[in-house]
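The following exercises guide a new reader through one protein model. Each task is followed by a solution in steps.

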Amino acid sequence: MIKINSLEIRKAILLAPMEDVTDISFRLVCRELGADIVYTEFVNSEGLVRANEKTHKKLKIIEEERPVGIQIYGANIDSMVGAGKIAEAENPDLIDINAGCWVKNVVGCGAGSALLKDPPYMQQLVKAVVDSTSLPITVKTRLGWDEKSIQILEVAKRMEDAGAVALTVHCRTRKAGHKGEADWSWITQIKEVVNIPVILNGNVLTAQDVKNAFDETGADGIMIARGAIGNPWIFKEAKELLSVGKITTVVDEELRIKTCLRHLYLAIEVKGEKRAVLEHRKFYTGYLKSLYNASKVRSELMMYVEYAPVEELLLNYLSELKNHTLTV
Ligand SMILES: Cc1cc2nc3c(=O)[nH]c(=O)nc-3n(C[C@H](O)[C@H](O)[C@H](O)COP(=O)(O)O)c2cc1C
């Protein structure tokens, strides 16, 4: 059970923070399709305290997507405290601290999973943010820096002591990046040493994976990242599987194409037509996955910078697909 202030969710399924993916439009799509909590992409604390406009824009949230968390990252305690206060002013439901990012330019500054190299400092940093804001603070981390230095049980206790109200664990080390199997078995062990909710993340790619992850580990929540890209109905499917034992949603060409267009439509409302259409290109592979003749349609979609021709092409394609299904 996830219990964060008035938020109480049994078997919560969460959308993970993802840079350049979890903007308002994608968060809304996932909420509409059953995600219980959604997160912004990570936001650089240094950019926030230096009043960088582009960084500040990443904090924007809207009422319809609640409950939503803003994720911040950084290595410097003063900057993280400052960033926490700036994020609090946007009134999210919670603030998440990134202690799991593996990319070089983040760990090179001592942020993200580099915090795992010094658990007492990580505790100090999280406590400072907890003490300086009135919002619930959660932490997202990894098992450890590498296989030889897995300290997640100690880290989990330290996060609880620092005042974090929930802990998400990407069940890989920093060294593993996104490769190899995630080792979910740690979740059961972590739950034995802390009382705060523990959220499992890593390699949850299907609704069945969500069910398996709950069944095998007793996790309080499951967080999905890559498994939701071009596949946001995973939340709905997982809920069906958990509640009635089978998936009743039919992911056909109509659902794929209409969700793709809804996502784009929402993105245009938030960031304007040209930028939204250009940035939407990265989602076509996922949305059109395994559809007849999809690669030709994808190439054509790459030519457009306006919504109207994208919509026309996709709706015509949908009619073609329906006729094709009828004739085969
Ligand atoms: C494109 C992309 C962007 C990501 N950005 C973030 C981020 O901003 N903050 C974060 O904590 N993790 C980020 N991650 C990591 C994911 O949240 C997640 O921990 C990781 O992908 C493992 O989960 P999965 O196996 O469900 O993909 C990102 C992952 C991807 C694929």
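**Exercise 1: a covered strand**

Strand β5 (residues 68–73) is mostly covered, since six of its six residues are buried. The model is a predicted one, in which local features need pLDDT of at least 70 and side-chain atom pairs count only at pLDDT 80 or more, while totals for chains, interfaces and linings use all residues. Residues are numbered from 1 along each chain as its sequence is written.

Task: determine which residues cover each side of β5, and which strands pair with β5.

Step 1. A residue is buried if 20 or more other C-beta atoms, placed from the backbone, lie within 10 Å of its own; it is exposed with 12 or fewer, and partly exposed in between. Helices (H or I, at least four residues) and strands (E, at least two) are DSSP runs, numbered from the N terminus. Two strands pair if DSSP finds at least two bridges between them.

Step 2. Sort the residues by side. V68, I70 and I72 lie on one side of β5, G69, Q71 and Y73 on the other, and all are buried.

Step 3. Find the partners. Strand β4 (residues 38–44) runs parallel to β5 and is joined to it by five bridges; here F42 stands opposite Q71. Strand β6 (residues 94–99) also pairs with β5 in the parallel sense, over four bridges, and D96 in β6 is the bridge partner of Q71.

Step 4. Follow the chain. From β5 it passes through helix α4 (residues 77–88) to β6, in a right-handed β-α-β crossover. Right-handed means that, with the strands pointing away from the viewer, the path from the first strand over the helix to the second runs clockwise.

**Exercise 2: strand β9 and helix α9**

Step 1. Identify the pairings. The chain goes from β8 through α8 to β9 in a right-handed β-α-β crossover. A right-handed β-α-β unit is formed by β9, α9 and β10.

Step 2. Contact requires C-beta atoms, placed from the backbone, within 7 Å. Just after α9, G218 takes a positive phi of about 70 degrees.

**Exercise 3: a lysine in a helix**

Task: is K239 buried or exposed, and which residues does K239 touch?

Step 1. K239 is placed in helix α10.

Step 2. K239 has 20 other C-beta atoms within 10 Å, and is therefore buried.

Step 3. Leaving out residues up to four places away in sequence, K239 touches I13 and G34.

Terms used: Two residues are in contact if their C-beta atoms, placed from the backbone, lie within 7 Å.
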